[in-house]
Amino acid sequence: NTTQLVTMLKSGEIRISGGEHLRRLKSAANLIRLDAKIFEAFWNNQHLIPNHWKDEVNGYGNNYIHFDGSQFQRPHGRRYVLLFYWTGAKWDWVCHWHGVDRNVQCPSAVLVV
């Protein structure tokens, strides 16, 4: 079992909706979506974050690494997920609206089984 970053993009796709991304993640039998507890463990122990998560993907820096195993819903109905990203000097984090499209810079942290 290893942690990986996956985009769920199919060949030729540049971006997909957040909803489609989540549907594809849920349907992948060999992927376990990392959740808020894993996010918190990484955040509190940043030396455990894999160094390659800082790397550029297809020439793009600042990957926004999503933890889609937990979703948070606001009273108005919008759903959010936690993510963190490398600023070039340190890790930072935000809550990301689930409705925003995902591209190659927006992978999900998963455990591959």
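These are my notebook entries on a predicted model of one protein chain.

**Confidence.** Confidence is lowest in strand S1 (residues 2-6), where the mean is 89, and highest in helix H2 (residues 36-44), where it is 97.

**Strand S6.** I then turned to S6 (residues 108-112), which is largely enclosed by the rest of the structure because four of its five residues are buried. S1 pairs with S6 in the antiparallel sense over five bridges, and strand S2 (residues 31-33) also pairs with S6 in the antiparallel sense, over three bridges. I noted that Leu111 in S6 stands opposite Thr3 and is also the bridge partner of Ile32.

**Helix H1.** Among the buried residues of H1 (residues 18-27) I listed His21, Leu22 and Leu25. The buried residues of this helix pack against S1, S2, S3, S4 and S6.

**Aromatic rings.** I counted 12 aromatic pairs. One of them is the tilted pair of Phe39 and Phe84, with 5.5 Å from centre to centre and 40° between the planes; it links helix H2 to strand S4 across 45 residues, and both rings belong to buried residues. Tyr64 and Tyr85 form another tilted pair, at 5.3 Å and 50°. Which of these is buried, and which partly exposed? Tyr85 is buried because its relative accessible area of 17% is under 20%, whereas Tyr64, at 29%, is partly exposed.

**Charges over rings.** Lastly, I found the charged end of Lys54 over the ring of Trp86, 4.0 Å from its centre, and Arg78 over the face of Trp97, at 3.9 Å from the ring centre.

How values were computed. Residues are numbered from 1 along each chain as its sequence is written. This is a predicted model: local features need pLDDT of at least 70, side-chain atom pairs count only at pLDDT 80 or more; totals for chains, interfaces and linings use all residues. Side-chain values use heavy atoms; hydrogens and water are left out. pLDDT is the predictor's confidence in each residue, from 0 to 100. Helices (H or I, at least four residues) and strands (E, at least two) are DSSP runs, numbered from the N terminus. Buried means under 20% relative accessible area, exposed over 50%, partly exposed in between (1.4 Å probe, protein chains only). Two strands pair if DSSP finds at least two bridges between them. Contact means heavy atoms within 4.5 Å. Rings of Phe, Tyr and Trp (its six-membered ring) pair if their centres lie within 6.5 Å; planes under 30 degrees apart count as stacked, over 60 as edge-to-face and the rest as tilted. A charge sits over a ring if NZ of Lys or CZ of Arg is within 6 Å of the ring centre and within 35 degrees of the ring normal.
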